[in-house]
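I opened a notebook for a structure that is new to me. These are my entries, in the order I looked things up.

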Amino acid sequence: MAAAAGRGSKICLPVHLAIFIWYLFTVWSNCSLQTSDKHPGVRSYGGRWKYLTFINLVMQTVFFGFCVLVDVIHAVLPVKRTRSGTPLILTNIRDFYFTVLAFPVGSFVFASFWTLYTYDRELVYPKFLDEIIPIWLNHALHTVIMPLLLVQMYLQNHKYMRTKGIFSLALFAALYLSWVLWVHHASGIWVYPIMAHLSPVGLCIFLGGASLTMAPLYLLGEKLNHMMWSTTEEEEKLVDDWNPH
């Protein structure tokens, strides 16, 4: 079955466990930061949960923890029993989580942060944050996520359901934008510095453009997944043709 295809639990389990531990350490390091009066953001309304970077960090941690669970189940059960029932349901949940949230949101955090940082870092990550957030943690939050997602894509084939996936991703984007606007309404602060520099029209264009980039990122994940696994899928189709059920 293509959806459950992978490089094998002997490889996937230790890699997933290592990545999961890395993310747990990153979450702990992030939450242990001592903020200053220069950057009271985590003490203001919404705390860390108003930042997409932190939400994504938690999502990645939960995802790879879930991958460890699925790997353990696949390691202890016979192959035939992983193709139906609870193991198959868990595999489908893993695929949905990766294709709808982990990859699109993670790649969006990576691409949007470094695009704005390159243009003008003060719009997204003011220089004084270098005194608060260690360089390694900045890269853990905004850089390392991308290669780890590609490692996951290489390790396991994921089933994409385009219509359902893009709709679910759009729902997530709408909910997060609603949260950002509510934070501003309730506290008078913008989550990201760039928003304070935009006119109402500019803000609508910015938020709309950011939301619209989610669908292409979903399609990018689908394309990359197909490129990595097309040969395997063709081989499995040949096996199914020779071994009809």
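**Ground rules.** I took helices as DSSP runs of H or I with at least four residues, and strands as runs of E with at least two, numbered from the N terminus. The model is predicted, so I noted that local features need pLDDT of at least 70 and side-chain atom pairs count only at pLDDT 80 or more, while totals for chains, interfaces and linings use all residues. Residues are numbered from 1 along each chain as its sequence is written, and side-chain values use heavy atoms, with hydrogens and water left out.

**Whole protein.** I looked up the elements and found nine helices and zero strands. From the N terminus on, the order reads α-α-α-α-α-α-α-α-α. The protein has 245 residues, and 42% of them count as buried. Buried means under 20% relative accessible area, exposed over 50%, and partly exposed in between (1.4 Å probe, protein chains only). I put the accessible surface at about 13200 Å², with 70% of it belonging to carbon and sulfur atoms. Those areas come from the Shrake-Rupley method with a 1.4 Å probe.

**Glutamate 222.** I found glutamate 222 in helix 9, residues 214-242. Is glutamate 222 buried or exposed? Its relative accessible area is 18%, so glutamate 222 is buried. Its side chain makes a polar contact with the side chain of arginine 162, at 2.8 Å. A polar contact is a pair of N or O atoms within 3.5 Å; within protein, one must be able to donate a hydrogen and the other to accept it, and residues adjacent in sequence count only if both atoms are side-chain atoms. Leaving out residues up to four places away in sequence, glutamate 222 touches Tyr160 and Arg162. Contact here means heavy atoms within 4.5 Å.

**Helix 3 and helix 6.** I then checked how helix 3 (residues 85-120) packs with helix 6 (residues 162-187): the angle is about 50° and the axes are 10 Å apart. Helix 3 is therefore oblique to helix 6. Where do the two helices meet? Phe96, Val100, Leu101, Pro104 and Val105 in helix 3 meet Lys164, Gly165, Ser168, Leu169 and Phe172 in helix 6.

**Serine 29.** I placed serine 29 in helix 1, residues 9-31. Serine 29 is buried, because its relative accessible area is 9%. Serine 29 touches Trp136 and Leu137, again not counting residues up to four places away in sequence. I also looked up proline 134: serine 29 and proline 134 are 105 residues apart in sequence and 9.8 Å apart in space, C-alpha to C-alpha.

Technical notes: Axes are lines fitted to C-alpha atoms, for helices over the stretch in contact, and angles run from 0 to 180 degrees between N-to-C directions. Angles under 35 degrees count as roughly parallel, over 145 as roughly antiparallel, 65 to 115 as roughly perpendicular and the rest as oblique.
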